[in-house]
Amino acid sequence: MNRLLNKRRRTAAQVDPRVLKTPADIEKMRAAGILARKVIETIMAEASAGMTTGEIEDRAAAIIAAGGGTSPCLGYTPPGHPPYPAWTCTSVNEEIVHAIPGQKRLQDGDLFTMDCCVTLDGFVADTAVTFPIGEVSPEARHLLKITEEALYIGIKQAKPGNTTGDIGWAIQKHAEANGLSVVRELHGHGVGRAMHEGAIDVPNYAMPGTGILLVPGMTFAIEPMFNLGSKNIRTLNDGWTIVTADGKLSAHFEHTVAITTGGCRILTSAPNNGLN
Ligand code: MF3
Ligand code: CO
Ligand code: CO
């Protein structure tokens with residue numbers, strides 16, 4: 001091992017072993033992930049101009065309930081926030097994440113983000129996608145393409161011996177090489193026994209080799225959020241909705257992964273699509 005590598009690795013921390021999952025735990029997370037993916041795929045197929053975000057929430061909640069699941073979002077009350085009042089987050093255009101479903105009506109040309117977290121049999125999976133409603137601008141298509149690519153570029157770095165900072169670095173480079181900005185205040189997170197386990201943060205910008213050393217059994221969400229304009233954000237008066245400060249478009253893609261001996265397994269992809 002050369003000196004540089006040695007130095008790099010010394011900056012990484014060990015994960016609290018209590019958050020590691022057994023193969024049986026990971027199978028339960030996979031089942032939750034398949035149900036969350038079913039919600040995403042259904043909403044991608046059905047969302048159209050004229051629907052309200054509240055109608056999308058009702059559809060999503062019905063699918064989760066029919067699959068025997070619940071939502072860890074409903075009633076979620078982290079410090080400084082009012083209780084979250086819905087099962088899903090339905091963010092439109094300049095809304096980055098955590099927009100509360102309601103009366104807002106989708107219009108042709110919007111970017112819509114469905115973020116769906118499911119609890120099933122005591123385990124949680126978290127996944128999100130941003131997609132166009134009707135025809136969107138070339139800039140919007142660029143934003144979607146690069147943000148989704150960044151998710152998979154980050155996932156490629158999710159393997160034993162790498163760190164959470166290696167994931168963040170890869171994601172950040174892809175944004176900046178393509179003229180997009182990275183939202184700094186929000187990041188991926190440990191997920192499994194709870195929606196936000198706390199022991200692991202997965203940044204979308206970082207120095208390589210920093211953060212937490214990845215080991216098999218770790219489970220976390222990777223979720224790049226990129227903006228067309230500036231990286232700055234603000235929170236609306238509802239205490240939840242996070243928007244771009246300049247009102248320009250934002251995109252968000254998220255998967256839950258489990259670190260394996262050879263790399264990682266995506267727990268929130270569709271079954272039999274070759275990704276897991
Ligand atoms: N699913 C979100 C995430 O990716 C968390 C939503 S919390 C809520 O971390 F309360 F806003 F629903
Ligand atoms: Co999410
Ligand atoms: Co998440």
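The model is predicted, so local features need pLDDT of at least 70 and side-chain atom pairs count only at pLDDT 80 or more, while totals for chains, interfaces and linings use all residues. Residues are numbered from 1 along each chain as its sequence is written, chains are lettered from A and ligands numbered from 1 in the order in which they are written, and side-chain values use heavy atoms, with hydrogens and water left out. Two cobalt ions, ligand 2 and ligand 3, lie 3.3 Å apart. D126 coordinates both of them.

**The cobalt ion (ligand 3)**

- D126 (OD), H189 (NE2), E223 (OE) and E254 (OE) coordinate the cobalt ion (ligand 3), at 2.0 to 2.2 Å.
- Donors are N, O and S atoms within 2.8 Å of the metal (3.2 Å for Na, K and Ca); water is not among the atoms, so sites may look incomplete.
- Along the chain, the donors of this ion follow the spacing D-x62-H-x33-E-x30-E.
- The pair H189 and E254 links distant parts of the chain, 65 residues apart. H189 sits in strand β6 (residues 188–190), and E254 in the loop between β12 (250–252) and β13 (255–259).
- Helices (H or I, at least four residues) and strands (E, at least two) are DSSP runs, numbered from the N terminus.
- The site of the cobalt ion (ligand 3) is irregular because its six donor atoms subtend angles of 52 to 169°.
- Four donors count as tetrahedral if all angles lie between 85 and 135 degrees. Four count as square planar and six as octahedral if opposite donors are over 155 degrees apart and all others between 65 and 115; anything else is irregular.

**The cobalt ion (ligand 2)**

- D115 (OD), D115 (OD), D126 (OD) and E254 (OE) coordinate the cobalt ion (ligand 2), at 2.0 to 2.6 Å.
- This site is irregular too, with angles of 55 to 170° among its six donor atoms.
- Its donors are spaced D-x10-D-x127-E along the chain.
- Here the pair D126 and E254 links distant parts of the chain, 128 residues apart. D126 is in strand β4 (residues 123–132), and E254 is in the loop between β12 and β13.

- Buried means under 20% relative accessible area, exposed over 50%, and partly exposed in between (1.4 Å probe, protein chains only).
- E254 has a relative accessible area of 0%, so E254 is buried.
- D126 is buried because its relative accessible area is 3%.
- H189 is at 6% relative accessibility, so H189 also counts as buried.

**The largest pocket**

- The largest pocket has a volume of about 500 Å³.
- On a 1 Å grid over the protein atoms alone, a pocket is an open set of points with protein on both sides within 12 Å along at least five of seven lines; lining residues have an atom within 4 Å of a point.
- The volume is the space filled by probe spheres set on the points, which are joined across faces, edges and corners.
- The lining has 25 residues, and Y76, H98, L186, H196 and W240 lie nearest the pocket's centre.
- Strand β3 (residues 111–120) supplies the largest share of the lining, three residues.
- By type, the lining divides into 13 nonpolar, seven polar and five charged residues.
- Ala, Val, Leu, Ile, Met, Phe, Trp, Tyr, Cys and Pro count as nonpolar, Asp, Glu, Lys and Arg as charged, and the others, Gly among them, as polar.

**The largest nonpolar core**

- The largest nonpolar core has 56 residues. F112, F220, I222 and F226 have the most contacts inside it.
- Such a core is a set of buried Ala, Val, Leu, Ile, Met, Phe, Trp, Tyr and Cys residues joined through side-chain atoms within 4.5 Å.
- Several elements each supply at least two residues of this core, among them α2 (23–46), α5 (164–177) and β8 (219–222).
- Helix α4 gives the most, with seven residues.

**Backbone and single residues**

- Most residues other than glycine have a negative phi.
- H98 has a positive phi, near 65°. H98 lies in the loop between β2 (95–97) and β3, and is partly exposed because its relative accessibility is 21%.
- D121 has a positive phi as well, near 55°. D121 is in the loop between β3 and β4, and counts as exposed because its relative accessibility is 56%.
- F131 is in strand β4. F131 and P208 are 77 residues apart in sequence and 30 Å apart in space, C-alpha to C-alpha.

Note on methods. 1 Å grid on protein atoms, 1.4 Å probe; cavity = no way out; pocket = protein on both sides within 12 Å on 5 of 7 lines; lining within 4 Å.
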